[in-house]
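Trainee: Please take a close look at one chain and at one residue within it. I would like the surface, the fold and the surroundings of that residue in a single account.

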Number of protein chains: 2
Amino acid sequence: MKLGEGVEAAIHCTATLAGLPDKAVLSAASLAEYFGLSASYLVKHLKALVAQGILVSVPGPNGGYRLKGTPEEITLLDIVLAVEGREPAFRCQEIRRNGPCAELGDSAFPAPCGINRAMLKAEQAYRAVLAETRISDLVREFRAKDDPRVVEQGLSFVERHQRPQSRVRNPEEQET
Amino acid sequence: MKLGEGVEAAIHCTATLAGLPDKAVLSAASLAEYFGLSASYLVKHLKALVAQGILVSVPGPNGGYRLKGTPEEITLLDIVLAVEGREPAFRCQEIRRNGPCAELGDSAFPAPCGINRAMLKAEQAYRAVLAETRISDLVREFRAKDDPRVVEQGLSFVERHQRPQSRVRNPEEQET
């Protein structure tokens, strides 16, 4: 079982955007520079976050990305599902219905397979923990506990690269 | 996030082998027939279960597979880790150390990334639920709750295809 590497990038980018002042944005190029990633790689995941209503994309030469809501409203589960899709990790192929049981037909299988139920129960526990962790929690913990030099680098990078916006100057802002 | 399809096959095969009488085995071909899978596909996963001490492989023309221990001793976690490997699904690439933070060096990162910690906490919850579910639980539930025709097909298939063994006749039995 493996999560795509895009999950780490998507969480870090969302947490970084949480540090922006109201309506300001960071470009994909700035985020890519901060995390040492290619911008084209990152844009794919940023678009997934926009599609799921986590980020807003502001087009144009002074455009970029910002959170759609507040950092309190975004959980790790939101981000993982946006990047990885909503399907469970365990995808029952109903192999219990093959072989000699194939002749029995649908009526012999009124309930989901017990193995599927047990696997999904574990996945619900996984998702519940992810849903408990908000981006605001991660930002608060980062600022309180990480090395002050790392925190300072993050704050000053965002300060230098942020692009202030006003609604008047960006009437075409895309909410989805 | 996606688990390999081998997980479903591995759990079903282990649960089926739990129905064998002492020392008897089922061949990979029989298990493959029961679940409508190719034997070569299945052998790969059965070997992983043998390598992790969940199954025993008995070689020879009358050989096959059986549980190494009892169904009470095998959890879903054992099987998932045997098939998918023990690495966590979230694999931190430490992208926090790239870009402007690269100049800070290791001393600025004494603790794991908070994002990594949060993701691993969720994975621990997932694994804890898998570790609570034993093969004996799944077998008991299957026999008690699944359609009696399905249970009967399973029992009679195992009855017809099982291969009795004795330690004397199979001195080369492989425990690993």
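Mentor: Chain A exposes about 8100 Å², and carbon and sulfur atoms supply 52% of that area. Accessible areas come from the Shrake-Rupley method with a 1.4 Å probe, and for residues only the protein chains shown count as cover. This is a predicted model, in which local features need pLDDT of at least 70 and side-chain atom pairs count only at pLDDT 80 or more, whereas totals for chains, interfaces and linings use all residues. Residues are numbered from 1 along each chain as its sequence is written, chains are lettered from A and ligands numbered from 1 in the order in which they are written, and side-chain values use heavy atoms, with hydrogens and water left out.

As for charge, chain A carries 22 positive and 23 negative side chains, and the centres of the two sets lie 2 Å apart. Lys and Arg count as positive and Asp and Glu as negative, while His and the chain ends are not counted; each charge is placed at NZ of Lys, CZ of Arg, CG of Asp or CD of Glu.

The fold of chain A has seven helices and two strands, in the order α-α-α-β-β-α-α-α-α from the N terminus. The radius of gyration of chain A is 21 Å, well over the 16 Å that the globule rule gives for 176 residues, so chain A is more spread out than a compact globule. Helices (H or I, at least four residues) and strands (E, at least two) are DSSP runs, numbered from the N terminus; the radius is taken over C-alpha atoms, and the rule is 2.2 Å times the number of residues to the power 0.38. Along the principal axes, the C-alpha atoms of chain A fill a box of roughly 65 × 40 × 25 Å. Among contacts in chain A with a separation of 6 or more, 73% join residues 24 or more positions apart, a contact being heavy atoms within 4.5 Å.

Now the residue. T75(A) sits in the loop between β2 (64-67) and α4 (76-84) of chain A. With a relative accessible area of 8%, T75(A) is buried. Its side chain reaches the backbone nitrogen of L77(A) at 3.2 Å. Neighbours within four places in sequence aside, T75(A) touches L130(A), A131(A), T133(A) and R134(A).

Notes: Buried means under 20% relative accessible area, exposed over 50%, partly exposed in between (1.4 Å probe, protein chains only). A polar contact is a pair of N or O atoms within 3.5 Å; within protein, one must be able to donate a hydrogen and the other to accept it, and residues adjacent in sequence count only if both atoms are side-chain atoms.
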